Amino acid sequence: MLFRSAIVAAAALYFVVAGRRPDLTHTNRRHLGAMAVFFLASAVCWSALEQAGSSLNLFAQRNTDLNIGGWAMPASWLQSVAPFSIIVLAPVFAWLWVALSRSGREPSTHGKFVVGMLCISLGFAVLTVAAARASTGQLVSPLWLVGGYLLHTISELSFSPVGYSLVTRLSP
């Protein structure tokens, strides 16, 4: 808890100190404020995505039917869904953003962040349904986790590259 508080305090202090620099213009300060908002949204997104290696892996171990034709699949193998999906879907998303841009329909940076947040939420909604089913004592299909991981991947592909680009554009 102390470490988390120190990280939050350091991030807040950075934005306060950076925003008080006398050489910054009004526009630079507005950009810095926008970066702080996106920084917070990114922290929430990454915190959610990092559940894959801990709570979601424990859910897979304890509540998922990993028996496939008499063979017990290791729960940790389900964690490979997200990286595999990133490799498969990254070119699709790159093409999608370019195609939407050419047609004048590309979502704004804010829109892409909203899509990312919505997909993380939907991914956990799917997993909540699975957890409700598992709470009755029955093991659930691993497809529930696969669906959640796919939604999380779509989320990551929506907000991550956009966030990096945004920081580059807005940095004073």
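1. Phe 93 and Trp 97 both belong to helix H4, which covers residues 81-102, and they sit four residues apart, about one turn of the helix; helices here are DSSP runs of H or I with at least four residues, numbered from the N terminus. An α-helix has 3.6 residues a turn, so residues three or four places apart point the same way. Both Phe 93 and Trp 97 are buried, a word used for under 20% relative accessible area, with exposed meaning over 50% and partly exposed in between (1.4 Å probe, protein chains only).

2. This is a predicted model, in which local features need pLDDT of at least 70 and side-chain atom pairs count only at pLDDT 80 or more, while totals for chains, interfaces and linings use all residues. Residues are numbered from 1 along each chain as its sequence is written, and side-chain values use heavy atoms, with hydrogens and water left out.

3. Seven aromatic pairs are found in a search of the whole structure, where rings of Phe, Tyr and Trp (its six-membered ring) pair if their centres lie within 6.5 Å, and planes under 30 degrees apart count as stacked, over 60 as edge-to-face and the rest as tilted. Tyr 14 and Phe 15 make an edge-to-face pair, because their ring centres are 5.2 Å apart and their planes stand at 75°. Phe 93 and Trp 97 also form an edge-to-face pair, at 5.8 Å centre to centre and with 70° between the planes.

4. Lys 112 lies over the face of Trp 97, at 4.4 Å from the ring centre; a charge sits over a ring if NZ of Lys or CZ of Arg is within 6 Å of the ring centre and within 35 degrees of the ring normal.

5. Phe 38, Trp 46, Phe 113 and Phe 159 form one aromatic cluster. Phe 38 is also one of the buried residues of helix H2, which include Leu 32, Met 35 and Cys 45. What covers the buried residues of H2 includes helix H1 (2-19), helix H5 (109-134) and helix H6 (143-170), contact meaning heavy atoms within 4.5 Å.

6. No disulfides are found in the whole structure, a disulfide being a pair of cysteine sulfur atoms within 2.5 Å. The sulfur of Cys 45 has its closest cysteine sulfur in Cys 119, 10 Å away, which is too far for a bond. Cys 45 is buried at 1% relative accessibility, and Cys 119 is buried at 11%.

Definitions and conventions
Helices (H or I, at least four residues) and strands (E, at least two) are DSSP runs, numbered from the N terminus.
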